[in-house]
Amino acid sequence: MTTLAALALAFVFAAPIVAAAPVVGLANEVAPRPSAPVTTPAEEEYNKGIRAKRSKEWSVATASFRKAVQLKPDYAEAWNELGYALRNSGNYPDSIKAYDEALRLKPRFPEALEYLGEAYVKMGRLDDARQVLERLKPLDRGRAKELADEIAKAQ
């Protein structure tokens with residue numbers, strides 16, 4: 001028998017033995033289960049608000065986002081979504097306050113800038129919307145184009 005054939009036979013017969021060998025120390029261990037992400041009450045309210053936003057239930061969304069920011073006042077994303085819900089309810093002055101708070105907490109927040117600019121457009125404050133557009137351009141071209149389009153439609 002050639003050396004190559006002997007090695008092949010040794011591999012074929014040894015492989016099942018190696019595969020069947022027990023792994024020492026693991027027999028009694030239980031694999032950890034993936035745990036569900038832990039959410040805070042503020043995040044739960046935020047998620048409730050997002051669901052209401054998707055269904056365009058603006059009063060429910062507004063209430064949930066308000067609750068989220070009461071529970072976690074530094075929650076920039078919830079402030080932004082509160083502004084969005086308020087704007088879609090037609091409450092432009094309060095939506096601007098919410099966007100301003102989101103931007104105070106997170107100054108380079110493209111979504112909040114775009115939404116703030118759109119609120120200004122709805123209020124007819126096109127110069128303010130243009131100022132927001134200039135802040136938005138270096139952060140997110142796509143959102144800047146959307147805001148520029150809204151400004152152009154309003155003129």
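Me: Over which residues does pLDDT stay under 50?
Reply: Residues 3-27 do that. The term pLDDT is the predictor's confidence in each residue, from 0 to 100. For residues 3-27 the model has 2 contacts beyond four places in sequence, where contact means heavy atoms within 4.5 Å.

Me: How do you know which residues are meant, and what is the model based on?
Reply: Residues are numbered from 1 along each chain as its sequence is written, and side-chain values use heavy atoms, with hydrogens and water left out. This is a predicted model, in which local features need pLDDT of at least 70 and side-chain atom pairs count only at pLDDT 80 or more, while totals for chains, interfaces and linings use all residues.

Me: What is the average pLDDT of the protein?
Reply: The average is 86. At least 70 is reached by 76% of the residues.

Me: What makes up the pattern of the protein along the sequence?
Reply: The pattern reads α-α-α-α-α-α-α-α. There are 8 helices and 0 strands. Helices (H or I, at least four residues) and strands (E, at least two) are DSSP runs, numbered from the N terminus.

Me: Why is arginine 87 called buried?
Reply: Its relative accessible area is 8%. Buried means under 20%, exposed over 50%, and partly exposed in between (1.4 Å probe, protein chains only). Arginine 87 therefore counts as buried. This residue is found in helix α4 (residues 76-88). Leaving aside neighbours within four places in sequence, arginine 87 is in contact with residues including Tyr99, Tyr115 and Glu118.

Me: Glutamate 118 has 14% relative accessibility; is it buried or exposed, and why?
Reply: Glutamate 118 is buried, because 14% falls under the cut-off for that word. Its place is in helix α6. Leaving aside neighbours within four places in sequence, glutamate 118 is in contact with Arg87, Leu147 and Glu150. The C-alpha atoms of glutamate 118 and leucine 147 are separated by 6.5 Å. Along the chain these two residues are 29 residues apart.

Me: Why is the pair of tyrosine 99 and tyrosine 115 called tilted?
Reply: A search of the whole structure finds 5 aromatic pairs. In this one the ring centres are 6.1 Å apart and the planes meet at 50°. Rings of Phe, Tyr and Trp (its six-membered ring) pair if their centres lie within 6.5 Å; planes under 30 degrees apart count as stacked, over 60 as edge-to-face and the rest as tilted. Tyrosine 99 is in helix α5 (residues 92-105), tyrosine 115 in helix α6 (residues 110-122), and the two are 16 residues apart. Both are buried.

Me: Which residues do ring pairs link into a cluster?
Reply: The cluster holds Trp58, Tyr84, Tyr99 and Tyr115.

Me: How do you know that lysine 53 lies over the face of tyrosine 84?
Reply: A charge sits over a ring if NZ of Lys or CZ of Arg is within 6 Å of the ring centre and within 35 degrees of the ring normal. Lysine 53 is at 4.4 Å from the ring centre of tyrosine 84. Lysine 106 lies over the face of phenylalanine 109, also at 4.4 Å from the ring centre.

Me: What makes a nonpolar core, and how many residues has the largest?
Reply: Such a core is a set of buried Ala, Val, Leu, Ile, Met, Phe, Trp, Tyr and Cys residues joined through side-chain atoms within 4.5 Å. The largest has 38 residues. Those with the most contacts inside it are Tyr46, Phe65, Leu82, Leu116 and Leu147. The elements giving two or more residues are α2 (41-54), α3 (58-71), α4, α5, α6, α7 (126-136) and α8 (141-154). Leaving aside neighbours within four places in sequence, leucine 82 is in contact with Thr62, Phe65, Arg66, Val69 and Ala98.

Me: Why is asparagine 47 called partly exposed?
Reply: Its relative accessible area is 34%.

Me: Why is lysine 56 called exposed?
Reply: Its relative accessible area is 59%, so lysine 56 passes the cut-off for exposed. Lysine 56 lies in the loop between α2 and α3. Its phi is near 60°, a positive value in a residue other than glycine.
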